[in-house]
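Me: I would like to learn how to read a structure like this one. Can we go through it feature by feature?

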Amino acid sequence: MLIRKPEDIPSSEITPEREYLNRRSFLKLAGGVGAIAAGGALVPRLLHGALVDDQPQADTPNSWDQITSYNNYYEFGTDKADPKANAQNFRTSPWSIEVGGLCNKPGHYHYEDLFKPASRVDRVYRLRCVEAWSMVIPWNGYVLADILKRFEPQPGAKYVKFTTLYDPQQMPGQRRPVLQWPYVEGLRMDEAMHPLTLLVTGLYGKPLPNQDGAPVRLVVPWKYGFKGIKAIVKIEFVDQQPMTTWMIAAPDEYGFYANVNPHVDHPRWTQAVERRIGEFRRRPTLMFNGYADQVASLYTGMDLRKYF
Ligand code: MTE
């Protein structure tokens, strides 16, 4: 199957974003404070020197333009506009994922064999970047647990390690030692098997644009955005916590857990507030990015200041 890019799709096939959102019955797993409806009096206050809205407004999805023009993807450059400018010719088909480590069904799996449209799910999730901005994104993807179960992880598998493609010819950022390449991320097994965790292949009902991580990227909505590794080519089941790219780059600043936590500041800035792209006033950041009801129990008894 050829993976079509938005520009390959005739405009007659493209549903306007608003209509798409109205039409599809998105599973809104907002939970907690995020469920507060819009319309309440918004009382701005000062927090950490920033003007902040006390009540988060309803979670209106960001526009296609915002989601696809303001990206972090260092393989294609370090400025927010670089990925869109530099990733347009990135080849996402054919694509396969190598599966290995502690599982009974290792091998090379073709994209089309892993991601069958019949089991696709549509979820509107908040994405909170460690840089203190956020967006609301209508993703299309697959529950990671359903994919991982097919590989029959063994009892010794405690973590899942994900690796991005290494191809400096196609990814100009990899020609410079900005990060240790290829980009690597990891999850504890129970985090990977949590029903909120997705492998994403699209947004707004269209194939995932290259700058957003085509053909397949991870999305873990209660963690900082850097956990959402793009262009995944390898999944490994391992018994030790893997070293991740950002831990190698700055271990004091980026932890393995990377749970969104307004009480644990980044050493160089506060994490108590965030700026939703498209808004002026900052919002208070919610514990676990607003998904505490669903995920807090994964961390019972853990000191989240130590395991940040
Ligand atoms: N994946 C790879 N391979 N390389 C990257 O530089 N950046 C991460 C994450 N995934 C990154 C990556 C960071 S820091 C964030 S905030 C999210 O992607 C941003 O996703 P978005 O551009 O789709 O909003």
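**Around the ligand**

Reply: The shell around the ligand holds six nonpolar, five polar and four charged residues. Here Ala, Val, Leu, Ile, Met, Phe, Trp, Tyr, Cys and Pro count as nonpolar, Asp, Glu, Lys and Arg as charged, and the others, Gly among them, as polar. The model is predicted: local features need pLDDT of at least 70, side-chain atom pairs count only at pLDDT 80 or more, and totals for chains, interfaces and linings use all residues. Residues are numbered from 1 along each chain as its sequence is written, and side-chain values use heavy atoms, with hydrogens and water left out.

Me: Which residues come nearest to the ligand?

Reply: A residue is near a molecule if one of its heavy atoms lies within 4 Å of it. Of the 15 residues around the ligand, the nearest are Asn71, Tyr74, Glu75, Gly228 and Lys230.

Me: Which side chain has an N or O atom 2.8 Å from a nitrogen atom of the ligand?

Reply: Look for polar contacts (pairs of N or O atoms within 3.5 Å). The side chain of Glu75 has such an atom, 2.8 Å from a ligand nitrogen. A polar side-chain atom of Thr164 lies 3.0 Å from a nitrogen atom of the ligand.

Me: How much of the ligand does the protein bury?

Reply: Accessible areas come from the Shrake-Rupley method with a 1.4 Å probe. Taken alone, the ligand exposes 540 Å², and the protein buries 98% of that.

**Rings**

Me: How many aromatic pairs are there?

Reply: Rings of Phe, Tyr and Trp (its six-membered ring) pair if their centres lie within 6.5 Å; planes under 30 degrees apart count as stacked, over 60 as edge-to-face and the rest as tilted. The count is 17 aromatic pairs. One of them, Tyr109 with Phe151, is tilted: 4.8 Å centre to centre, with 55° between the planes. This pair links distant parts of the chain, 42 residues apart. Tyr109 is in strand E4 (residues 107-110), and Phe151 is in the loop between helix H5 (144-149) and strand E7 (159-164). Helices (H or I, at least four residues) and strands (E, at least two) are DSSP runs, numbered from the N terminus.

**Backbone**

Me: Which peptide bonds are cis?

Reply: Read omega. The bond from Ser93 to Pro94 is cis, with omega near 0°. Pro94 is in the loop between helix H3 (82-86) and strand E3 (96-101). The bond from Trp181 to Pro182 is also cis, with omega near -10°.

Note on methods: A polar contact is a pair of N or O atoms within 3.5 Å; within protein, one must be able to donate a hydrogen and the other to accept it, and residues adjacent in sequence count only if both atoms are side-chain atoms.
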